[in-house]
Amino acid sequence: MTKDQKVVAIQEIKDLLQDAKVVYVADLEGLNAAKSSDFRRQAFKQNIKVKVVKNTLLQKAMEQMEGVDYSEMFQSFKGNSALMIAETANAPAKLIQGFRKKEEKPALKSAFVQETFYVGDNNLDMLANIKSREEMIGEIIGLLQSPIQRVVSALQNKPETVEAKAEEAAPAQEETPATEAPEAAAEGETPAAE
């Protein structure tokens, strides 16, 4: 690879990393062409960008990135590496897990997810269980809406119950004076008669 080709390759990697919030580096070594193609196809369907890269070029591209210090990942850059960029935090981990049900590879080398570094394949299950930002926002909204919905429901039902109680109490109040008046009159007449 010429120096110009390396510069172009580094720039391509930097372009992928530019606004990436979810970065995985996986080992695809051992997958034949058909399996590798299948892995890429599944990644494409899940909106995950996959690019096989040379470790030295990946490291140089990451070193040139501003804002994120990827140096914790560099120790994992050995052998064949595939860079995976996604929007959803757990999507690449779930893809790797699903593919490994049939195959030994791919293996997770390292990942940068939600401003945290994960190094080693032993972190795969934890990464697969991370909730995406959208899932977390949905849960928070659901939790916030629940008490509000109860209050709204109670307020909507309360006028009905107040009106029902008022209607029940109103006839009782009307009947009470009517029945008390004759008794009072009877009581008032009784002492006068004696």
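Q: Are Tyr70 and Phe112 buried or exposed?
A: Both Tyr70 and Phe112 are buried (buried means under 20% relative accessible area, exposed over 50%, partly exposed in between, using a 1.4 Å probe and protein chains only). For Tyr70, the relative accessible area is 2%. Bear in mind that this is a predicted model, where local features need pLDDT of at least 70, side-chain atom pairs count only at pLDDT 80 or more, and totals for chains, interfaces and linings use all residues. Residues are numbered from 1 along each chain as its sequence is written, and side-chain values use heavy atoms, with hydrogens and water left out.

Q: How many aromatic pairs are there, and what describes one?
A: A ring pair is described by the distance of the centres and the angle of the planes. This structure has five aromatic pairs (Phe, Tyr or six-membered Trp rings with centres within 6.5 Å; planes under 30 degrees apart are stacked, over 60 edge-to-face, the rest tilted). One of them joins Tyr70 and Phe112 edge-to-face, at 5.5 Å centre to centre and 75 degrees between the planes. Tyr70 sits in the loop between α3 and β3 (81–86) and Phe112 in strand β4, so their pair ties together parts 42 residues apart in sequence. (Helices, H or I with at least four residues, and strands, E with at least two, are DSSP runs numbered from the N terminus.)

Q: Which other ring pairs with Tyr70?
A: Tyr70 also pairs edge-to-face with Phe117, at 6.3 Å and 85 degrees. Phe117 lies in strand β5 (residues 116–119), 47 residues from Tyr70. Ring pairs link Tyr70, Phe112 and Phe117 into a cluster.

Q: Where is Pro106?
A: Look in the loop between α4 (91–99) and β4 (107–113). Pro106 is buried, at 0% relative accessible area.
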